[in-house]
Amino acid sequence: MAQIFLPRSNTIAKLSLLSGPLLGAFAVWVCLVYARSSYGTGSGEVRVQPVPFSHQHHVGDLGIDCRYCHTTVENSSYAGMPPTKTCMNCHSQMWVGSDMLEPVRASYQEGKSLHWKRVYNLPGFVYFNHSIHIHKGVGCTTCHGRIDEMPLMYQKPSVLMEWCLDCHRNPGPNLRPQSEIFNVKWQRPSDQDERGAELAKQYQIRDTRFLTSCTVCHR
Amino acid sequence: MNPRKNLAPDVEALWDRLDRATGKKYWRTLDELADSETFREVMLREFPEQAPALASPISRRQFLTLMGASLALAGLGGCSVRPAPSRDVVPYVQAPEQVVPGEPMFFATAMTLGGAGVGLLVESHMGRPTKIEGNSEHPASLGATDLFHQASILDLYDPDRSQTVTHLGQTRTWDQAFTAMREALTQQHRRQGAGLRVLTETLVSPTQIAQMRAFLQTLPRAQWHQYEPLARDNVYRGAVLAFGRPVCTRYDFTKADVVVSLDADFLTCGPGKLRHVADFMSRRRVRTTPAQANTANMNRLYVVETAVTTTGAKADHRLAVKPYEIEAIAWALAAELQVPRPEAPERLAQWVRVVADDLRARPAGKTLIVAGDRQPPIVHLLAHAINRQLGNVGQSVHYTEPIEAQPAVQDGSGRAPEEPVVERIESLRRLAHDMDARQVDVLLILGSNPVFTAPADFRFTDAMQKVGLRVHLGMHQDETARQCHWHLPETHYLEAWSDTRAYDGTVTIVQPLIEPLYAGRSAHEVLDALTPVGTERTWRQRPGRLIVQAHWQAQRSASGFETFWQTTLHDGVMAGTALAPQNMALSESARRTLTAGPQAPRRTSDGLELILLPDPTIHDGRFANNGWLQELPKPLTEITWENVALMSPATARQLGIRLGGYTHGGEHGGYHQQIVTLRLGDRSVQVPAWIMPGHADGCISLHLGYGRAWAGRIGGRAGTRVGVNAYTLRTSDHFWSASGLQVNVTGATQVVACTQQHHSMENREVVRAASLTEYREHPRFATVRGREEAGGARVPLTIYEPHPYDGHKWGMVIDLTACTGCKACVLACQAENNIPVVGKQQVAAGREMHWLRVDRYVAGTADRPIEFHFQPVPCMHCENAPCEYVCPVEATVHSAEGLNDMVYQRCVGTRFCSNNCPYKVRRFNFFAFSDYRTESVRQQYNPDVTVRSRGVMEKCSYCVQRIRHAEIHSQLEGRDIFDGEVLTACQAACPAQAIIFGNMNDRDSKVASGKQSPLHYGLLEEFNTQPRTTYLAALRNPNPALEGR
């Protein structure tokens, strides 16, 4: 019977021994990179909304405060989506004939809610609370980005758990004084390291062990 | 390869062993006491539920294939290429005031059950009620709830509720129904309503009572009947016997040093039960330092009863007797205390004498005799007389006007009836008789189910057929609805305006939390639509709010009404409406009755007696379609999903009934109980037998309410009944007990899902108890024992770095003295934490999901149990938690505040943690138990707690969502959490305040002082787990003169 394996098979066998784990590691690496990619997390993707509402115009150009619409952001887990009435406060006076605003007017007249698409789509087992973040010196733009520069709204960060934990492990870089919370143009000062540490003390921010306990966010 | 093994033991050998068994101090089951093979087998195979569920044998190759495939699928199932699709955000068009999305709101309301209301606070998430708490301002609640209150939220969302008006099964509109009824009423008007009958339950709503009177005024010869299957007729008949008129008896347990209960289950039944528990336990809790131990004091409770109740279980001395003997005891007690002429029965005489001595030894007004609802009027009279003799009236006993409407049956002339009290049973008898005599043309049933609950001898269903127009208002298409022409869907109490009175008369306005889910209407609205106004007899329809408001407006001056109304709604209590105590004197005829002494002694037959009892969880049957209540292990028996024939070990032995054969594993676990036929005259039922240590010999108890023919998908339908209908054995003259019971043991057996043997802790000394005398001598009796077991180690040994706690350090203390085993905590936990219902089969296999269980322990022999103890066991949140070390995926970890966190998203279902937990408090989702599909049931889920799916372990979280809520709120307000701000669901519900939760780092907190108590001990501390949930040992106060009796 002829030899099945030629001598060069040894090399192939050795190579495959080596390349197997390498391929496996590569596959894992691809998965991890993919999971963090904007395609995998949906970050940067503009959601199609019933009304193409522009934060750039309302916040950046007109300077409307976040809390004019998101009224409960300081005292509830939920920042609050404005009722149609809030839109109509102004739009019963201006742009009354705009086609773009037709769904808003229809909602107001028929008493039917607008159905917006959620931009930050947290899973059901995550219990995020806006009020405590605001209270502890985390500004709006830290998570939502420069919304004064966003004509249409999209999710800025990855909103992966590691992104949350980055800050829960080291909140210092993201802390600002209470006066700057709703300032969309706030920039990190050069001495943020010292200021952050001071603010953390002032806000009585709990230690990393507490902030990374599972039930802080998951129940 | 079927691991199922029938462990039915050798009967005689086991009985012998039971007779000899005296060694162990506390036991849970008879099997454990006898140390039977069953028990040992269960102990050896710690997790019987792990036995394979697959009945067919499966080869190794098949197994690997299946495992490989499921592993791959499970892995892939968790992955998705894109992020989850974006959900909608739906804001209001115009935001209502006060509603803050994401923050729950609480509204004060009240629930009426069994002729009395209890004030509640209902949690509402954006208009969706999810959880019920007690109203601490309300005298009947003081912040606590019972299991019916907790479970009523599930009734609201019951998908089987009737949803439309029907006429002969066909869908109709409300207008059509009203037109038909108004036509009939107009015809009746010509005859002054002579052919009209209205049937209600016991009414305590002042508005509805006024409405009923107004309605009857338009039809003076119409008659109003009231019926309640758990009627408290005897209480009122006793009052009439004693005082010549019906009065309510109100007890003040804070004043009583000695309480004697004559078959009164005052801790779990009756209008003021929650208040009774709070008051009674306030005199029972011992909170002294070791140095002051000799000054510790407790009240003392003597109970005479037939079946075992939680009140009996808490007694210092409990006497199990046949029902008729209770009357003899009451006479003897009265005799000893020189109320009437002295006379004592031979048996039980010494017991009575000692109790009488104890009562006499106390100062006047410091004792209390309570007669049970089921006792005949004469026992109530004797209790009144003894209380008077002991100077208790005005101290621990008060008399008030009755809180409910008296259902005086009018004789047709419109005159006030001569006898002010007409009992519920008589009332229904009159109705059945009139219907049978074809004197009734129109029958209007407002919210009751007489077809199911009427005594069998009334032949109510047959009589009903002779009525021309039958209308039923009810929440379900139940047995009665199906015998009526018209069925009208009724609102749940959380959907409609109403009012109610508490046990002391305090009025609460019942305000709705949500619009009616199914276009139901309340009894107020139906009555209003059927009451013509003015001489023109015009019809109108007012909404419930206007009806209730108009009633109270008429009672008060117009000025300041709005303030009064808003305050009353906000507080949940109408100020100043409690009824004033009255001075009552024993009537002349009562004195004569007492002097005459007992009538000819009641039959003392040796035959068996049947005792009918309200079901501890489904009440009179109205809660049959409530899965939470069906699955709640009944206090004391720990049986779920059915009723059984309860009997004492001696009676069982006489009848030839074996100890239950316990099998476990797979789909067929549970107790295989012999089925017995209970025959009373020509009526009989077949029901599994159950041996209940402590039950009186020669009697068999059966719970009412099961065997519903038209309850729903949970409570049973005609073909698939759940349990056995005990009402078929009930007659009007033997309402609560009947003699002449014949019992035949059939050859058949039935699986009974009883949780008593689940989660057994193998005879380790988990319950610790002592008498008050022992406590005074050795205040640290509980701790010392624990330390000895741990080898004297004071500083726990560990190789791990101890966890530092700078902030909060949560902990819990459970007072075993106060716990009455009522299980309101278990249901509160279920409602708060979205705990699923698993069904009878799964319970039998040991897969119930309750995060909190209440273990029952008994001391003494099987025939003479002398102590009962209840031990609620939630997660211990151990400092060195055995579960944490073994989880391969870190799904259970220690939090910075000492909680043992369970992370559902990480859990892969290895169940190592549950294997390693010595307390057996972890529950595994063997199947997708949570209901994701039924739209209405989903509305009940607490939005702050994840709903768990299949393959995930879960357990008590110390209500971490409530801790987070309090933490965030306190920090927003820039303060620390104050003691008592975080109430766990179980703690909030407990009427006895047996559960204390708080921050152990706060030295002044209640939990910290509880941990300092000499009674404090940890469960299985010798394992060095350092449990964070700990216990205060149970104290009892037995009378030394009755040692061991």
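Me: How many residues of chain B are in contact with chain A?
Reply: In this predicted model, 35 residues of chain B are in contact with 41 residues of chain A.

Me: Which element gives the largest share of the side of chain B that touches chain A?
Reply: That is α30(B), which brings five residues to the side of chain B that touches chain A. The helix α30 covers residues 960-972 of chain B, and both α30 and β2 (88-89) of chain B supply at least two residues each to that side.

Me: And how do the residues on that side divide into nonpolar, polar and charged?
Reply: On the side of chain B that touches chain A, 19 residues are nonpolar, 10 are polar and six are charged.

Me: You mentioned β2(B), so which strand of chain A does β2(B) pair with?
Reply: The partner is strand β1 of chain A, residues 116-117, and the two strands run in the antiparallel sense and are joined over two bridges. Within this pairing, A:K117 has B:D88 in β2(B) as its bridge partner.

Me: What holds paired strands together in general?
Reply: Strands of a sheet pair through backbone hydrogen bonds, and the pairing can be either parallel or antiparallel.

Me: OK, now chain B by itself: how many helices and strands does chain B have?
Reply: Chain B has 32 helices and 41 strands. Of its 1045 residues, 54% count as buried, and among the contacts in chain B between residues at least 6 apart in sequence, 74% join residues that are at least 24 apart.

Me: In what order do the strands of the four-stranded open sheet with β38 lie?
Reply: The order in chain B is β38-β31-β40-β39, and the pairing in this open sheet is mixed. Its edge strands are β38 (995-999) and β39 (1016-1017), each of which pairs on one side only. The strand β39(B) pairs with β40 of chain B, residues 1029-1032, in the antiparallel sense over two bridges, and there B:H1016 has B:L1032 in β40(B) as its bridge partner.

Me: What about the open sheet with β1-β32-β33, is its pairing parallel or antiparallel?
Reply: The pairing of those three strands of chain B is antiparallel. The edge strands of that sheet are β1 (26-27) and β33 (865-873) of chain B, with each pairing on one side only. The strand β1(B) pairs over two bridges with β32 of chain B, residues 853-860, and B:Y26 stands opposite B:A859 in β32(B).

Me: Switching to helices, at what angle do α8 and α13 of chain B pack?
Reply: Helix α8 (residues 233-243) and helix α13 (residues 377-389) of chain B pack at an angle of about 55 degrees, and their axes are 7 Å apart. The two helices are therefore oblique to each other, and the crossing of α8(B) and α13(B) is right-handed.

Me: Which residues of α13(B) does α8(B) meet there?
Reply: They are B:P377, B:H380, B:L381 and B:H384 in α13(B), and the residues of α8(B) that meet them include B:N234, B:V235 and B:L241.

Me: What does B:P688 touch, not counting residues up to four places away in sequence?
Reply: B:P688 touches B:V644, B:A645, B:Q673, B:I675, B:Q750 and B:V752. The C-alpha atoms of B:P688 and B:N643 are separated by 8.0 Å, although these residues are 45 residues apart along the chain.

Key
Residues are numbered from 1 along each chain as its sequence is written. Chains are lettered from A and ligands numbered from 1 in the order in which they are written. This is a predicted model: local features need pLDDT of at least 70, side-chain atom pairs count only at pLDDT 80 or more; totals for chains, interfaces and linings use all residues. Two strands pair if DSSP finds at least two bridges between them. Two residues are in contact if their C-beta atoms, placed from the backbone, lie within 7 Å. Ala, Val, Leu, Ile, Met, Phe, Trp, Tyr, Cys and Pro count as nonpolar, Asp, Glu, Lys and Arg as charged, and the others, Gly among them, as polar. Axes are lines fitted to C-alpha atoms, for helices over the stretch in contact, and angles run from 0 to 180 degrees between N-to-C directions. Angles under 35 degrees count as roughly parallel, over 145 as roughly antiparallel, 65 to 115 as roughly perpendicular and the rest as oblique. A crossing is left-handed if the near helix is turned anticlockwise from the far one by less than a right angle, and right-handed if clockwise. A residue is buried if 20 or more other C-beta atoms lie within 10 Å of its own, exposed if 12 or fewer, and partly exposed in between; C-beta atoms are placed from the backbone.
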